[in-house]
Amino acid sequence: MKAVHFGAGNIGRGFIGLLLSRSGYEVCFVDVNEKLVSELAQRKEYPVTLASDQQETVMVRGVTAINSMSDPAAAAQAIAEADLVTTAVGVNILKHIAGTIAQGLTLRKDGAAAAPLHIIACENAIGGSSQLKEHVYAQLDEATRQWADDHVAFPDAAVDRIVPLQQHENPLQVVVEPFYEWAVDQSQMFEGFHRVEGVHYVDRLEPYIERKLFTVNTGHCSAAYMGYLQGHATIQEAMNDQKVVQHVRAVLSETGAVLVAKHGFSPAEHQAYIDTILERFANPALTDEVSRVGRSPIRKLSAGDRLVSPATQAYEREFGYGYLALTMAMALCFDVPDDPEAAELQASLREVGASKTLAKYTGLDAEHPIHQAVLAHYEELKGR
């Protein structure tokens with residue numbers, strides 16, 4: 001079996017590629033980073049180390065790679081011959097790989113490939129595969145779209161594994177935390193699909209996506225933004241600060257109330273999930289920079305993402321959202337010049353002020369109670 005995976009970065013190699021290989025797939029990575037591509041194509045293997053006390057290392061073998069920028073035809077042909085296609089490129093990059101996938105599907109159709117194909121976007125986003133499908137279908141002609149309706153499925157997925165920025169002598173080595181979760185919506189898949197070892201197949205994905213987004217991602221950025229203001233360099237350092245831990249717990253109490261009410265999670269089980277997440281953040285075997293976890297604050301402050309969405313849902317249920325609002329205010333204070341989104345945010349704050357900036361990037365108008373709460377927290381933070 002052959003799998004094509006877009007994104008040869010740390011998540012692609014240390015998480016998705018690892019699980020695909022374990023399930024018997026030959027994995028072909030598609031990327032535009034020539035160094036990674038050439039190393040993978042030459043070595044055909046790479047080591048994955050678990051960030052645990054034992055530091056176990058496993059070798060992922062039988063892999064190869066294609067540079068989709070320098071050899072788009074080879075990338076399209078790989079898709080035409082694939083049994084599975086996955087991505088881990090970042091949701092904003094999906095539109096840039098859609099053309100290659102569209103070309104591959106056209107070749108697949110013309111080659112009369114009989115087997116159905118699943119294309120799964122493993123991104124930190126709600127409905128990542130559905131978004132990818134829209135981008136791909138926009139580049140297909142009508143006949144190929146009709147063929148794809150019967151032969152190609154884009155099941156949505158939720159993924160969770162912390163893979164920090166890292167440097168190794170072997171450029172292919174990657175360190176990942178032991179914990180992972182990969183849930184796929186099997187209701188969007190063809191019958192008789194080949195199960196990937198370690199994937200949790202579910203009939204309703206939204207509860208798992210929101211649980212991960214509003215717990216792992218919300219908690220992670222909350223630790224980063226408060227950690228940044230407290231002068232901490234890493235998440236692990238921040239999680240040794242009880243002020244940060246108490247803030248993150250308070251934030252996750254607010255998101256947890258929404259998740260329990262909306263999706264019917266057991267309160268006790270969800271609290272255990274929160275406790276596990278906090279332990280993961282504090283894992284001493286990982287070193288994750290505050291600047292990395294907090295990067296792209298504009299995306300994190302957007303209406304459907306990890307802060308505004310749970311706060312809005314909490315407000316609609318008349319639940320508390322004060323700590324979420326405080327985290328949003330802290331995000332406005334995240335002044336990291338080499339992060340383009342942080343730089344853009346700071347420029348907007350200087351040019352038009354906090355209220356207009358907040359409305360622009362969160363979609364919350366100036367009269368909204370959450371907007372007013374964030375603004376009050378921001379003014380207090382800047383006044384210190």
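Which strands does helix α7 (residues 206-229) lie across? The legends below take up this question first.

**View 1. Helix α7 lies across β9, β11 and β12.** In this predicted model, where local features need pLDDT of at least 70, side-chain atom pairs count only at pLDDT 80 or more and totals for chains, interfaces and linings use all residues, helix α7 runs at about 30° to β9. Residues are numbered from 1 along each chain as its sequence is written, and side-chain values use heavy atoms, with hydrogens and water left out. Helices (H or I, at least four residues) and strands (E, at least two) are DSSP runs, numbered from the N terminus, and angles run from 0 to 180 degrees between the N-to-C directions of axes fitted to C-alpha atoms, for helices over the stretch in contact.

**View 2. Three strands form an open sheet with mixed pairing, in the order β9-β11-β12.** Because β9 (157-160) and β12 (200-202) each have a single partner strand, one side of each is left without a neighbour in the sheet. Two strands pair if DSSP finds at least two bridges between them; β11 (residues 181-185) and β12 run parallel and are joined by three bridges, and D185 stands opposite V202 in β12. Helix α1 (residues 10-22) packs on the sheet, touching β9 and β11, where contact means heavy atoms within 4.5 Å.

**View 3. N67 lies in strand β5 (residues 63-67).** N67 is buried, with a relative accessible area of 8%, where buried means under 20%, exposed over 50% and partly exposed in between (1.4 Å probe, protein chains only). Leaving aside neighbours within four places in sequence, N67 is in contact with D31, V32, E34, V37 and P72.
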